[in-house]
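Here are my notes on this one, point by point. Have a look at the model first, then read on.

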Amino acid sequence: MIKNIILLILMCFSANALILEDYLPQDTRYDTSIPTPKAVTGIEVGYRHYRHDQIVQYLSILGASSARARLMDYGMTHEGRRLVLLLISSDKNMENLENLAKRDDILRVWNGFSVHGNEASGANASVLYAYHLIAGHSEKIDKILNETLIIIDPTINPDGYDRFVTDVNSNRGMIDNPDEYDSSHNEQNPNGRTNHYWFDLNRDWLLLTQPESRARLKQFHQWKPHVLDDHHEMGSNKTFFFQPGVPERANPLIPAKNIELTNKLGKFHAKTLSEKGMSFYTQESYDDFYPGKGSTYPDLQGSVGILFEQASARSGKLQTEEGLRTLTEGIDNQFRTALSTLTGAYSLKPELINYKKDFFIQAKEEARKQNFKGYVLDFKNNLIKAQKMVDYLSIHNIKVSMLDKSLTIDKHKFEAFVSLYIPINQEQYTLIKSLFSTQKSFKDNTFYDVSAWNIAMAWGIDYAKSKTEPSRKNFEFAPAQNSYAKNAIAYAFNWSDGNAPAALNYLQQKDILSKATSKSFSIKAQGKTIEFKPGTIIVPVNKDNENKVLSALSNISEFFQISSYALTQGLNEIGVDLGSPSITTLNQPKVLLVKGTSINAYQAGSIWHLFDTQVGLALTKITKLQLNKIELNNYSHLIFPSGKFHSLSDKETDKIKTWVKQGGTLISLQKSAMWTEKIVQGIKKDDREDTKIENQEPNKSYAEFESDQAKNTIGGAIISAHADLTHPLGFGMQQTVQYALLKGNSLLTPSNNQYSTPLIATKNTRAAGYISDEKLEKINNSPLIIADKMGKGTIIKFNFNPTFRGFWLGTQRWLINAVYFSSLIKKTELD
């Protein structure tokens, strides 16, 4: 009886489900020796979400079952999941696969699925698309495969994808519940959109901070696709979107021919969706401005990038304002538009191939018209950053070399062997121009993402345009060297040297006593004067710990590029002595990071990633609900990423206040910083934000809302700031003028303490990107970092994310110093 009931339920459930034949074109014959997705996984396409390992398993079997296909691994995620590409062409072409990227008669089409892991209809459609191309036989398929290489990236973000799939599949029953409040439609937080460290991989094509992106870009430049499509999902109450996006918001570096080809391809998408009666739209909502997205980066590479957005069905079936959304409908739309991309590209094959050739020729011609030859970058303060830059540029196929003779430009000396040179007369000139853009005015001021990403500003590097070709050589990385002495009483290394924070963390993990100085001193070593600036790390040594210390110093020299110098006496000729009260013992920090509901996951992830991968410090990640249970006195620091903390009770807030007063350090960013100053510190803003009714502007037309909203929002722009490098939070940095990425509408209340604002926006602060004049007036001269004492503890507030998307190397040290040097901050208020 029970079995019959279950069978009846399953029959009812499957009544509206599609079987494989329902998706596939009727004019195609399929090779029965090629296994179907269900034959391998036991699950029909669209019945429920496939796991990443099931997708890879199926594609592996497909690759082994046909001479048309080959599965290749191209990388590994943070969590150890395979990154794979399935390459498909005719049997004959596949015999010489490695040469297909070089052949002028071969069209190359790249289909990318589910870069956002919780936009899963794409990944599920990838197996259907692969089956069709490998098992399918028709005159049309055979003709396309003879002249085309298809590259399928089935799950761009496997870690996030499996997080989503595990969540929704574990909450689904035999019958799908379409109620939006059902747990199967509501993920954990952070959700599956992001990768392991909660990074949005669809913003990382340009920035390359994540292994998935770095591995993928190498493949992109190896195979050089003419067309790349990017399959996404959007809000469930929408329909289907395909590019072109908003015409006025296209990146000015994208040629008109690219937009023309995008429009031509759009007709193929419109045709296939119209055939099934699917509603869709174009030229609204989305844009092609920020080149860190999968549909925009190709546009600066002579390729045509296409964005698809399918209304999400979440776990499988979801009731929406537009009716019932289903996973099978989403898979069908993604499958159809992957095919329309392929067939459309094939129809436009001569145009696409010629366009890509001409793109790079025209880029070099444009470079030759410029009044300068290239960019010179100064790395004399951090050669480990130079190595990172060389690696970064090489993945983007950008040529770079090292100066072997010093060069002075505008009174700035770029020294030999520590400065890099990027010539603009190369195929990647368009991308180079984008990387160094300082554009401030735009045709349309509404942006889907950030409006600035200048790499020199982001990395904190002095740079200049060179009007001549400088003398240069291939980059060589000079290893750090230590200076040892038998009579040493301590060793010291500068906080600006190599990866000093990771070195300090290593020493502390080894229980090696470490101190920091707030004042400078100098010694004579190796025949020259070595200056140790504030923030210098001092490691005392004696007969009992000498072997342990020397072994540790050798390791940090090798792994973190740190040069340590022997101190042989406590009395220094210049600067403070080793017994000075300005030299403080550093305790190993123990840090809490709050994440979860109503917390900015991207920001929390970037902080976690910084300390986990760059410093080696394990942060204890908790939710707001755990704050009341945790004994805060067991921790030295508490980090609040931007978010809403109003739900904390008075008891929980008082607990935080008491902990700070007893010596804890509270670090809060943006919205959380505004909450901190109001609730924890009790700071009251003045009345300037309270607008009286009689002073309100006249009513406006409804149509003006979007443009006014853009003026009131900082979507992501670069501002210049003045840095106080004498402040402990500024130790180890070299530039008094720095650049922060400002995103959001938060503002800090200026401190009454004149010594507590180590980073403040300059008078004319806009450096690159869009900020409305109204917003700019408020930001100019505003505090970006405030460090206040509260009892024995410290409150440090940021009005920006100093490690934005893991790319803002130039300001990351502020956050690192907030953790390691907060104990050096003294009470500075005048009586």
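1. Let's start inside. The largest cavity is lined by 34 residues, with Asn382, Lys385, Trp459, Leu809 and Arg813 lying nearest its centre. The elements giving two or more residues to that lining are helix H13 (383-395), helix H15 (455-459), helix H16 (500-509), helix H18 (601-615), strand S32 (737-742) and helix H23 (812-820). Helices (H or I, at least four residues) and strands (E, at least two) are DSSP runs, numbered from the N terminus. By class, the lining splits into 14 nonpolar, 14 polar and six charged residues. Here Ala, Val, Leu, Ile, Met, Phe, Trp, Tyr, Cys and Pro count as nonpolar, Asp, Glu, Lys and Arg as charged, and the others, Gly among them, as polar.

2. Before going further, the ground rules. This is a predicted model, where local features need pLDDT of at least 70 and side-chain atom pairs count only at pLDDT 80 or more, while totals for chains, interfaces and linings use all residues. Residues are numbered from 1 along each chain as its sequence is written, and side-chain values use heavy atoms, with hydrogens and water left out.

3. Axes are lines fitted to C-alpha atoms, for helices over the stretch in contact, and angles run from 0 to 180 degrees between N-to-C directions. From H18, Ile607, Leu610, Phe611 and Val615 touch Gln812, Leu815, Ile816, Val819 and Tyr820 of H23, contact meaning heavy atoms within 4.5 Å. That contact has eight nonpolar, one polar and no charged residues.

4. Compare helix H11 (residues 327-347) and helix H12 (residues 349-368): again about 80 degrees, but with axes 4 Å apart. Ala345, Tyr346 and Ser347 of H11 meet Lys349, Pro350 and Leu352 of H12, which gives four nonpolar, one polar and one charged residues. H12 also lies across S4, strand S7 (227-234) and strand S9 (304-311), running at about 90 degrees to S4.

5. Now the sheets. Seven strands form an open sheet in the order S2-S3-S6-S4-S7-S9-S8, with mixed pairing; two strands pair if DSSP finds at least two bridges between them. Strand S2 (69-76) and strand S8 (240-242) stand at the edges with a single partner strand each, so one side of each has no neighbour in the sheet. The twist averages 20 degrees from one strand to the next. Inside, strand S4 (residues 107-113) and strand S6 (residues 148-153) pair in the parallel sense over six bridges, and Leu107 has Thr148 as its bridge partner in S6.

6. A second open sheet has five strands, ordered S17-S12-S16-S13-S18, and its pairing is antiparallel. Its edge strands, strand S17 (462-466) and strand S18 (472-473), each pair on one side only. Strand S12 (residues 374-378) pairs with S17 over five bridges, and Leu377 has Tyr463 as its bridge partner in S17.

7. Finally, some backbone spots to check by eye. Most residues other than glycine have a negative phi, and most peptide bonds are trans. The bond from Asn189 to Pro190 is cis, with omega near 0 degrees; Pro190 sits in the loop between helix H8 (158-170) and helix H9 (211-223). The bond from Gln243 to Pro244 is also cis, with omega near 25 degrees, and Pro244 is in the loop between S8 and helix H10 (256-275). Lys224, in the loop between H9 and S7, has a positive phi of about 50 degrees although it is not a glycine.

How values were computed
1 Å grid on protein atoms, 1.4 Å probe; cavity = no way out; pocket = protein on both sides within 12 Å on 5 of 7 lines; lining within 4 Å.
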